[in-house]
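Please read them alongside the sequence and the coordinates.

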Amino acid sequence: NGYLSNADATNTYPLAINLSSDRVRRALSAIEGIRQGQSLGALLGYQFERGLHDKHNLAEVDQFIYDLRKAFPLTAKKISSTTPPDDASIEAIEARNVMDGLKLVEHIRATGNATYPFGKSLPAADAAQAAAINDEVQRMLDTHDAVADVAMAESVHHAAMGNYERAAGTLDTY
């Protein structure tokens, strides 16, 4: 009924939930990180930066990480595990932070600009570098969506079992 009521020519699957094993693994990993006290922004940012560093050997993209951190900063002292001691040097502070992936996701959703440089004044990238960054952005967006899909599936499960308070609590938590 949701598909029939909300689908149109431009959005044929408005209520699709994709629970493939890779998406569920990434979502559960993010949820476990949240349980351990990390923010979703930090977890998405870490996934993004790690993907840039590890998976794109043909295009050198590490040089863009610092500028992306500046464009989408993880607010200093927002997460207790990244709060440095008062006498820490700036280099030590920067080494423990990542970009705020949730800020980038929200920026993309607000502007519709999902390709590098995302409407920001970031350094120029050649075609291979831009493709590598855009691939990781799509993976990060997919992880963000996977967390929402898992939350929806869990709340539907609780509603189907007649536990409406738990279903509401699950959605409120996410």
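**Notes on the predicted model**

1. Phe118 is buried, at a relative accessible area of 1% (buried means under 20% relative accessible area, exposed over 50%, and partly exposed in between, with a 1.4 Å probe and protein chains only). Phe118 sits in the loop between α6 and α7. Its phi is near 60°, a positive value in a residue other than glycine. In that loop is also Pro117, which a cis peptide bond joins to Tyr116, with omega about 15°.

2. On provenance: this is a predicted model, in which local features need pLDDT of at least 70 and side-chain atom pairs count only at pLDDT 80 or more, while totals for chains, interfaces and linings use all residues. Residues are numbered from 1 along each chain as its sequence is written, and side-chain values use heavy atoms, with hydrogens and water left out.

3. The chain has eight helices and zero strands, so the order of elements from the N terminus reads α-α-α-α-α-α-α-α (helices are DSSP runs of H or I with at least four residues, strands runs of E with at least two, numbered from the N terminus). Of its 174 residues, 34% count as buried. Among contacts with a separation of 6 or more, 65% are between residues 24 or more positions apart (contact means heavy atoms within 4.5 Å).

4. How do α6 and α7 pack, in angle and in distance between axes? The angle is about 95° and the axes are 10 Å apart (axes are lines fitted to C-alpha atoms, for helices over the stretch in contact, and angles run from 0 to 180 degrees between N-to-C directions). The two helices are therefore roughly perpendicular to each other (65 to 115 degrees; under 35 counts as roughly parallel, over 145 as roughly antiparallel, and the rest as oblique). On the α6 side the contact is made by Gly101, Leu102, Leu104, Val105, Ile108 and Arg109, and on the α7 side by Val137, Met140, Leu141 and His144. By class, the residues of this contact are seven nonpolar, two polar and one charged (Ala, Val, Leu, Ile, Met, Phe, Trp, Tyr, Cys and Pro count as nonpolar, Asp, Glu, Lys and Arg as charged, and the others, Gly among them, as polar).

5. Helix α2 (residues 21-35) also packs with α7, at an angle of about 80° and with the axes 8 Å apart. The pair α2 and α7 is therefore roughly perpendicular. From α2 the contact takes Arg23, Val24, Arg26, Ala27, Leu28, Ala30 and Ile31; from α7 it takes Arg139, Asp142, Thr143, Asp145, Ala146, Val147, Asp149 and Val150. The residues divide into eight nonpolar, one polar and six charged.

6. Within helix α7, Ser155 is buried, with a relative accessible area of 4%. A polar atom of the Ser155 side chain lies 2.9 Å from the backbone oxygen of Met152 (a polar contact is a pair of N or O atoms within 3.5 Å; within protein, one must be able to donate a hydrogen and the other to accept it, and residues adjacent in sequence count only if both atoms are side-chain atoms). Leaving out residues up to four places away in sequence, Ser155 touches Ala167, Thr170 and Leu171.

7. Ala153 is in helix α7 too. Is Ala153 buried or partly exposed? Its relative accessibility is 27%, so Ala153 counts as partly exposed. Ala153 and Ala167 are 14 residues apart along the chain, and their C-alpha atoms are separated by 9.8 Å.

8. Asp126 belongs to the loop between α6 (101-111) and α7 (127-160). Asp126 is partly exposed, at 43% relative accessible area. A polar atom of its side chain lies 2.8 Å from the backbone nitrogen of Gln129. Asp126 is 67 residues from Ala59 in sequence, with 8.9 Å between their C-alpha atoms.

9. Lys70, in helix α4 (residues 65-71), is exposed, with a relative accessible area of 53%. Lys70 and Leu122 are 52 residues apart in sequence and 9.6 Å apart in space, C-alpha to C-alpha.
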